Amino acid sequence: MALVHATLLFPNLLFFFFSQVSYATDTITHSQPLSDGSTLVSKDGTFELGFFTPGSSTNRYVGIWFKNIQTRTIVWVANRNNPTKDKSSTLSLTEEGNLVLLNINRSLVWSTNTTSKEPVSSLVVQLLDSGNLVIRDGSNDKNEESFLWESFDHPCDTLLQGMKLGWNLKTGLNRFLTAWKNWDDPSSGDFTSGVKLGTNPELAIWKGSVEYYRSGPWNGIFSSGVFGFSPNPLFEYKYVQNEDEVYVRYTLKNSSVVSIIVLNQTLYLRQRITWIPHTRTWSVYQSLPQDSCDVYNVCGAYGSCMINGSPVCQCLEGFKPKSVQNWNAMDWTQGCVHKEPWSCGVKNKDGFRRFVGMKMPDTTHSWINTSMTLEDCKAKCLNICSCTAYANLDTSGGGSGCSIWFGDLVDLRVSESGQDLYVRMATSDTIIYNDAKHKNSKKVVLMVAIIVSLVVMMLMGFSYIYMTKTKKEEEKDEGEQENLELPFFDLATIINATNNFSIVNKLGEGGFGPVYKGTMLDGQVIAVKRLSRSSGQGLKEFKNEVILCAKLQHRNLVKVLGCCIEGEEKMLLYEYMPNKSLDSFIFDSVQSKLLDWPMRFNILCAIARGLMYLHQDSRLRIIHRDLKASNILLDNNMNPKISDFGLAKMCGGDQVEGNTNRIVGTYGYMAPEYAIDGLFSTKSDVFSFGVLLLEIISGKKNRTITNEGHIDNLIGHAWRMWKEGTPEQLIAPSLVDSCKISEVIRCIQVGLLCLQHHPDDRPNMTSVIVMLSSETILSQPKVPSFLIKNISIEGEQSCDRQESCSINEVTVSLLNAR
Ligand code: ACK
């Protein structure tokens, strides 16, 4: 339930082909079955039950979905493992009180396996406003909570508000989520999520029978391993553990918000998603696992995972790697061992070292007491030879209760919502914290928390594991769609949306193929980038864009809605940007009049913010590498959004530059160190931003121009004007009336600073934003760098507007500034 902020659709949120709905009812009774084509609707009209066919499948299922959400969101499937093949099935209530799904031959497909003592005439099947399908005694309205059967006891992949996830200890009923097998198939997939029973139960996700993730035990607020559960306006969790039951459930605080938890079969398994009505999309609020440190026991026994550590796994202080060789090779599975053996049994010999901000270890071998103080807890642990650690059971209200662990401590991590863990040590290793130290350690935790929340980026360890994963995924064939996190659309849906890629729907041609306008069945307008087979964007670039897009979310980045890989076809689906690209405005003599200076200044600042997000604020450090006017799209309100991440590079959290033999990008916008040496960094994007800034101000492209006998380009021209003290001559004539000259000159100065030859002399995007939006004194630019296109351009180009095409390789000459 944390991380990942792309606005996504989900596997079970596909578009379905429904048979003609003939009528809707609010009950199923013995005398009134439900046939394919009809639906059962909850009283308040929120939920609907009926027959559906997911994605490209031909199978029929009975399921429940939100009636008023345009993107079909299936929240429960009755016969998920046993579909019907025909459209003549019926859902009916037998004389015994059993709800059965019968196919065309009247053979049994699915049933609730129930028998009732009540006469069948009094039984009704209803879909409650909560989304719970129930069989109940319809004659006894007072007993609304008593059901013969309820679908909430048999969850599929979705946890709705009010559903219990966990155990009825009396009956042995275990309610857990099971992911769909794939986008088109609701049958049980590999991943399940539920409550792991034990002395101190935890939430867990399993892949098959192997534990894949655990949350840490309940600590009174949520758990030490899950971030982001501080009180919030959206939802509230309740954990119940008593003799009869162990479960967790949530309630939504605002009844107008639709928010659910879905177990996917992707990298981010368990997600809380919230419906955003005006964009008609689901937005990811939280995901689990949160990062690579959440992978179960990644660092082995006594190894602690720290997402911003390098490497991520470190032995707890007082411990050393069991195998130094393996540890140094980043194989942490063997974990760590005590540096000093314990002297268990010798009184007063052992002690404890406190580790702050820890996710509590796996509770499989643990013991709890709700009333003990921490001091008693320590004494208890000390008295048991096999006790390895202790901690407070409940951290709310200053801490109470006692948890103690036996044997190796596994699955440890440093966690934003972690708590103090006291680990047993030989005396010589023990640090007894006094109050000052306690305060200091609190400060450290606070600082770490601040740094983590400020930096919010992909850190090295995660990059390592993530990239390894990504690399593996790239090596697998295209069929492995599950590994990509964007929702998949089948080709038929896209063909339908774009009128079979009709020329009328064509929006234009990008470097990697044509882009089409499309309209989905629910009316949503989209743009489809269809990768041409001959394009330079191979599967690698495509997946690159898909993976990046799934992880990015910012108001100044174009939103990707999904993708399609089918046979030779590779496509990306974007939100439709009605005003198309910036270059169609600024370089067009008529259109440019529509963009006055305040609008252009807003656009500049918004692009800068989008870029700053890519460079600094997103969890990943991303270098766009192809920032240019044609990659800036404008929405209805002329808000700019950066698009085209096909060439973008993801760097490790603190990696700020890279090197490549394959120079890609667009001449005119390329920084010299990138064009010549293949060195790219956030500063090469800053350079491109500088070019874009001059283009927005001047309305001229940065291409070679001959000006009063000089061979120049826009940068050279701007520098000449600056040196001659006439920078205002650069301003496009159509802007003069609407601009404040001093503001534009300030922008030109910022632009020239971005265009400095040495990357170190260029500001970062945060400074650019500060410089653009404040009155601070700016440094004087030195001579900028300007490249003139050499006559020869190698590599593929596939678009008609050559100046703005992304290219695979380019030869450039560096001209000295005069
Ligand atoms: O300048 P344009 O009209 O805007 O021509 C290009 C063309 O497709 C090739 O990139 C247009 N385009 C790309 N993505 C979108 C989108 N999401 N919405 C609208 N138009 C788009 C772009």
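**Figure 1. His615 is a buried residue of helix H8**. His615 counts as buried because its relative accessibility is 2%. Buried means under 20% relative accessible area, exposed means over 50%, and partly exposed is in between, with a 1.4 Å probe and protein chains only. His615 lies in helix H8. Helices (H or I, at least four residues) and strands (E, at least two) are DSSP runs, numbered from the N terminus. The side chains of His615 and Asp685 make a polar contact of 2.9 Å. A polar contact is a pair of N or O atoms within 3.5 Å; within protein, one must be able to donate a hydrogen and the other to accept it, and residues adjacent in sequence count only if both atoms are side-chain atoms. Leaving aside neighbours within four places in sequence, His615 is in contact with Arg621, Ile622, Thr682, Asp685, Val686 and Met765. Contact means heavy atoms within 4.5 Å.

This is a predicted model, where local features need pLDDT of at least 70, side-chain atom pairs count only at pLDDT 80 or more, and totals for chains, interfaces and linings use all residues. Residues are numbered from 1 along each chain as its sequence is written, and side-chain values use heavy atoms, with hydrogens and water left out.

**Figure 2. The whole protein has 13 helices and 50 strands**. Of its 818 residues, 58% are buried. Among contacts with a separation of 6 or more, 61% are between residues 24 or more positions apart.

**Figure 3. The second largest pocket is lined by 37 residues**. Its space is about 960 Å³. On a 1 Å grid over the protein atoms alone, a pocket is an open set of points where a 1.4 Å probe fits, with protein on both sides within 12 Å along at least five of seven lines; lining residues have an atom within 4 Å of a point. Grid points are joined across faces, edges and corners, and a volume is the space filled by probe spheres set on the points. Thr279, Lys559, Glu575, Asp635 and Lys641 lie nearest the centre of this pocket. Strand E25 (281-288), strand E39 (560-566), helix H8 (597-617) and strand E43 (640-642) each give two or more residues to the lining. H8 gives the most, with 6 residues. By class, the lining has 17 nonpolar, 13 polar and 7 charged residues. Ala, Val, Leu, Ile, Met, Phe, Trp, Tyr, Cys and Pro count as nonpolar; Asp, Glu, Lys and Arg count as charged; the others, Gly among them, count as polar.

**Figure 4. Helix H11 (residues 714-723) is largely enclosed by the rest of the structure, because 9 of its 10 residues are buried**. The buried residues are Leu714, Ile715, Gly716, His717, Ala718, Trp719, Arg720, Met721 and Trp722. Asn713 caps the N-terminal end of H11. A side-chain oxygen of Asn713 lies 3.2 Å from the backbone nitrogen of Ile715. Just after H11, Gly725 takes a positive phi of about 75°.

**Figure 5. Asn103 sits in the loop between strand E9 (99-102) and strand E10 (108-111)**. Asn103 is buried, because its relative accessibility is 16%. A polar atom of the Asn103 side chain lies 2.9 Å from the backbone nitrogen of Asn105. The side chains of Asn103 and Ser107 are joined by a polar contact of 3.0 Å. Beyond neighbours within four places in sequence, Asn103 is in contact with Thr84, Asp86, Ser88, Ser89 and Val109.

**Figure 6. Leu108 is an exposed residue of strand E10**. Its relative accessible area is 54%. Not counting residues up to four places away in sequence, Leu108 touches Val100, Leu101 and Leu102. Leu108 and Ser89 are 19 residues apart in sequence; their C-alpha atoms are 9.9 Å apart in space.

**Figure 7. Met330 and Asn499 have positive phi values without being glycine**. Phi of Met330 is near 65°. Met330 lies in the loop between helix H1 (324-328) and strand E29 (336-338). Met330 is partly exposed, with a relative accessible area of 36%. Phi of Asn499 is about 55°. Asn499 lies in the loop between helix H5 (491-497) and strand E36 (506-510). Asn499 is exposed, with a relative accessible area of 53%.
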